[in-house]
Every structure is written in C-alpha cells, then in structure tokens.
Amino acid sequence: MEHLPETGFIRLREVLTVIPVGKTCWWEGVKSGRFPKPVKLSARCTAWRAEDIRKLIEEISDRMEQS
C-alpha cells in the first residue's frame, strides 16, 4: 500500500496490483457494491479515488484479522 498515493486517482491496472483479483471479478464486485464505484475521467478513462482503494484495503485487512 506504500506505493499508492494518498489522494488522487488510480487506474484499474494499479488497483489490481494491490487487490489480487481478475478484471471480471473486479467489475462484478463494483456492480454488486462490494468494491468502490469508479470515476469517469473522460469517455475512455475510468479511475478510482485513491482514498476509496485505501479504505477497501483497510476493510479487507480488518476482516482478515477478525477471522
């Protein structure tokens, strides 16, 4: 998580380096609400807020610690 910016936007390729799932699984998680919704930066550019991804990582870590 050290290489994630504190704020700003992260493209899917970078997200998938810290959340080890495939693209299809990621998009299904976005659709179901399990993963954060993206931000459309332009017609062909989608990204996620760094803060949302950091929060997701913390939530996953907390769940793993509780198990």
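Q: Above what relative accessible area does a residue count as exposed?
A: In this predicted model, a residue is called buried when its relative accessible area is under 20%. Residues in between are partly exposed, and the term exposed is kept for values over 50%.

Q: Is His-3 buried or exposed?
A: His-3 is located in the segment before S1. Its relative accessible area is 57%. Because exposed means over 50%, His-3 is exposed.

Q: Which residues are in contact with His-3, leaving aside its neighbours within four places in sequence?
A: His-3 and Val-18 are 15 residues apart in sequence, with a C-alpha to C-alpha separation of 9.5 Å. Contact is judged on heavy atoms within 4.5 Å. By that criterion, and with neighbours within four places set aside, the residues in contact with His-3 are Thr-17 and Val-18.

Q: In what order do the 3 strands of the open sheet stand?
A: Strand S1 (9-11) and strand S2 (39-42) are the edge strands, each pairing on one side only. S1 is joined to strand S3 (residues 45-49) by 3 bridges, and S2 is joined to S3 by 3 bridges. The pairing is antiparallel, and the order is S1-S3-S2.

Q: Which residue in S3 is the bridge partner of Arg-11?
A: S1 and S3 run antiparallel. Within this pairing, Ile-10 stands opposite Trp-48 in S3. For Arg-11, the bridge partner in S3 is Ala-47.

Q: At about what angle does H3 run to S3?
A: Of the 5 residues in S3, 4 are buried, and the strand is mostly covered. H3 lies across S1 and S3. Its direction relative to S3 is about 55°.

Q: Which residues touch the most other members of the largest nonpolar core?
A: The largest nonpolar core has 15 residues. Helix H1 (12-18), helix H2 (23-32) and helix H3 (50-66) each supply at least two residues of this core. In soluble globular proteins, nonpolar side chains tend to be buried together. The members that touch the most others are Val-15, Ile-19, Trp-26, Trp-48 and Ile-53.

Q: With which residues is Ile-53 in contact, leaving aside its neighbours within four places in sequence?
A: Ile-53 is among the core residues that touch the most other members. Two of its contacts, Val-15 and Trp-48, are also listed among those core residues. Once neighbours within four places are left aside, Ile-53 is in contact with Leu-4, Ile-10, Val-15, Val-18, Trp-26, Pro-36 and Trp-48.

Q: What kind of aromatic pair do Trp-26 and Phe-35 form, stacked or edge-to-face?
A: The whole structure holds 3 aromatic pairs. Trp-26 and Phe-35 lie 4.3 Å centre to centre, with 10° between the planes. Both residues are buried. Because planes under 30 degrees apart count as stacked, the pair of Trp-26 and Phe-35 is stacked.

Q: How many residues apart are Trp-26 and Trp-48?
A: Trp-26 and Trp-48 form an edge-to-face aromatic pair, 5.7 Å centre to centre with 75° between the planes. Trp-26 is buried, as is Trp-48. The pair links distant parts of the chain: Trp-26 belongs to helix H2 and Trp-48 to strand S3, and they are 22 residues apart.

Q: Which residue lies over the face of Phe-35?
A: Phe-35 forms one aromatic cluster with Trp-26, Trp-27 and Trp-48. Phe-35 is also buried. At 4.7 Å from the centre of the Phe-35 ring, the residue over its face is Arg-34.

Key. Residues are numbered from 1 along each chain as its sequence is written. This is a predicted model: local features need pLDDT of at least 70, side-chain atom pairs count only at pLDDT 80 or more; totals for chains, interfaces and linings use all residues. Side-chain values use heavy atoms; hydrogens and water are left out. A nonpolar core is a set of buried Ala, Val, Leu, Ile, Met, Phe, Trp, Tyr and Cys residues joined through side-chain atoms within 4.5 Å. Buried means under 20% relative accessible area, exposed over 50%, partly exposed in between (1.4 Å probe, protein chains only). Two strands pair if DSSP finds at least two bridges between them. Axes are lines fitted to C-alpha atoms, for helices over the stretch in contact, and angles run from 0 to 180 degrees between N-to-C directions. Rings of Phe, Tyr and Trp (its six-membered ring) pair if their centres lie within 6.5 Å; planes under 30 degrees apart count as stacked, over 60 as edge-to-face and the rest as tilted. A charge sits over a ring if NZ of Lys or CZ of Arg is within 6 Å of the ring centre and within 35 degrees of the ring normal.
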